[in-house]
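This briefing is for a reader who is new to the structure shown below. Please look over the sequence and the model before reading on.

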Amino acid sequence: MSVVEPERISLNPKADHLCVLVHGLWGTPSHLEYLAKSLREKHAEDKLNILVAKSNSGTYTYDGIETGGERVTQEVEELLEQLIQAGTPIAKLSIVGYSLGGLIARYAIGLLYSKGWFEKIKPINFTTFATPHLGVRTPLRGYHSQLWNAFGARTLSASGRQLFTIDTFRDTNRPILSVLADPSSIFIRALSEFKTRNLYANIINDRSAPYYTTAIASTDPFVDLDAVDIRPLKSHSPTILDPDNPVSPKSTNEPLQPFYTRLTSDGQSLLTRIPLYTALIALIPVATVAWTINSGIQSFRSNKRIQLHEQGKGLDGYRIPLLMNGNSARSAVGGAFRRVNSAHGQDYLPESQDDDSDEGAGEDLPKLELKRTSSRKADFPTLALSDEQFEMIRNLDKVGFKKYLVHIKNHRHTHAAIIVRMQKPGFDEGKVVVRHWLDEAFEL
């Protein structure tokens with residue numbers, strides 16, 4: 001097969017490396033077509049097999065991270081068994097997740113790890129593009145943010161509750177995202193096995209998954225681009241920022257523009273937005289009603305699918321202990337305490353409350369040789385995240401991700417542009433991102 005079809009499998013009996021691609025919310029395999037084709041153009045069929053997962057297509061992504069992860073795991077296992085029976089077993093595995101697909105992929109690798117696959121297959125690359133590792137609950141103050149947190153969490157069925165971290169996962173009394181980042185979980189154990197762990201995060205205009213959650217960060221230096229100096233990576237300038245030194249505050253000694261210049265600029269900006277604001281005033285009520293009705297229908301269907309999935313054959317193989325020591329009860333009690341005490345009424349924390357401490361994180365847990373990387377910048381204020389989100393940051397940073405920040409300027413829908421979700425001229429900067437991933441981050 002010379003061309004990778006987005007809804008099919010590209011296999012060659014000589015290849016010993018399998019790369020699995022997982023799409024995001026409301027996604028289909030076609031969303032990953034550019035990634036898959038670029039991967040194939042870079043690596044020959046006799047070197048790399050490609051699987052574009054399709055079991056969560058469309059509204060099936062409403063069904064929750066664990067249901068989606070079990071479906072993807074089943075797809076991967078069926079293919080691995082098929083290749084073993086054909087006498088062409090896989091020796092290396094890579095997984096790529098886009099948006100929600102990155103969380104589904106993190107769940108799936110935990111199941112694969114627990115079932116012993118990583119004793120037979122070497123995990124090589126784990127990559128996420130625009131994945132909300134900390135969920136999508138906005139840390140901003142104000143009624144509109146609180147409304148979004150409440151409304152969004154209840155319109156996407158199980159996935160919505162999980163993304164807004166208002167779910168309780170099984171008997172842990174904690175959100176699934178917290179369990180995914182628990183150092184004693186099969187999910188962190190699996191993640192730490194990969195040779196490389198990379199993430200790509202948009203710094204602006206990602207309306208689906210903001211910077212702080214896709215970059216696993218407790219600050220957002222890019223709220224005001226005029227106030228910072230951005231440092232692009234020379235080899236992929238200006239789209240990819242230097243991962244070692246991406247941004248710094250501008251000097252406060254820089255002269256301020258004359259008042260008239262600033263007033264004229266602000267006035268022109270407001271005038272250009274008037275048609276947009278007028279259209280939004282007319283369309284938002286209609287769109288909200290339509291969205292709510294459709295969400296109710298899809299949530300009902302999703303709940304039915306989840307029930308059928310729970311009754312499905314072979315599911316017992318995926319219902320395994322998620323935490324690998326005797327700390328389940330303690331984690332459940334601690335989770336309940338943290339959730340009761342996680343009320344937020346501000347967008348940033350005072351400096352005295354900056355969350356620097358690792359105290360209590362991973363206490364009494366088996367020690368893993370995990371790499372520590374920093375997602376904090378002392379020059380920028382700390383976002384008012386929840387205690388669970390701060391703990392996720394600490395734990396995921398201990399595993400160690402190489403973080404590549406992406407500055408897409410030519411299109412406001414950066415969430416789609418980062419992987420060239422469709423062929424549009426405005427998405428060309430995403431091609432630079434994909435090229436960087438293939439040239440600098442993906443190891444064969």
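Predicted model: local features only at pLDDT ≥ 70, side-chain atom pairs only at ≥ 80, totals over all residues.

- An open sheet is formed by 7 strands in the order β1-β3-β2-β4-β5-β6-β9, with mixed pairing.
- Its edge strands, β1 (9-10) and β9 (402-406), each pair on one side only.
- Within the sheet, β5 (residues 122-129) and β6 (residues 196-202) pair in the parallel sense over 5 bridges.
- N125 stands opposite T196 in β6.

**Helices**
- Helix α2 (residues 65-85) lies across β1, β2 (17-22) and β3 (49-52), and runs at about 150 degrees to β3.
- Helix α3 (residues 100-114) has 15 residues and, at 1.5 Å a residue, should span 21 Å; this agrees with the 22 Å between its end C-alpha atoms.
- Because 13 of the 15 residues of α3 are buried, the helix is largely enclosed by the rest of the structure.
- G116 follows α3 and has a positive phi, near 90 degrees.

**Backbone features in loops**
- S237 and P238 are joined by a cis peptide bond, with omega about 0 degrees; P238 lies in the loop between β7 (228-230) and β8 (247-249).
- R170 is not a glycine, yet its phi is positive, about 50 degrees. R170 lies in the loop between α5 (157-163) and α6 (176-180), and its relative accessible area of 33% makes it partly exposed.
- V420 is not a glycine either, and has a positive phi of about 55 degrees. V420 is found in the loop between α12 (414-417) and α13 (428-441). With 2% relative accessibility, under the 20% cut-off, V420 counts as buried.

Terms used
Residues numbered from 1 in each chain as written. Heavy atoms only, no water. Helix = DSSP H or I, 4+ residues; strand = E, 2+ residues; numbered from the N terminus. Expected span 1.5 Å × (residues − 1). Buried < 20%, exposed > 50% of the residue type's maximum accessible area, 1.4 Å probe, protein only. Pairing = 2+ DSSP bridges. Contact = heavy atoms within 4.5 Å. Axes fitted to C-alpha atoms, helices over the stretch in contact; angles between N-to-C directions.
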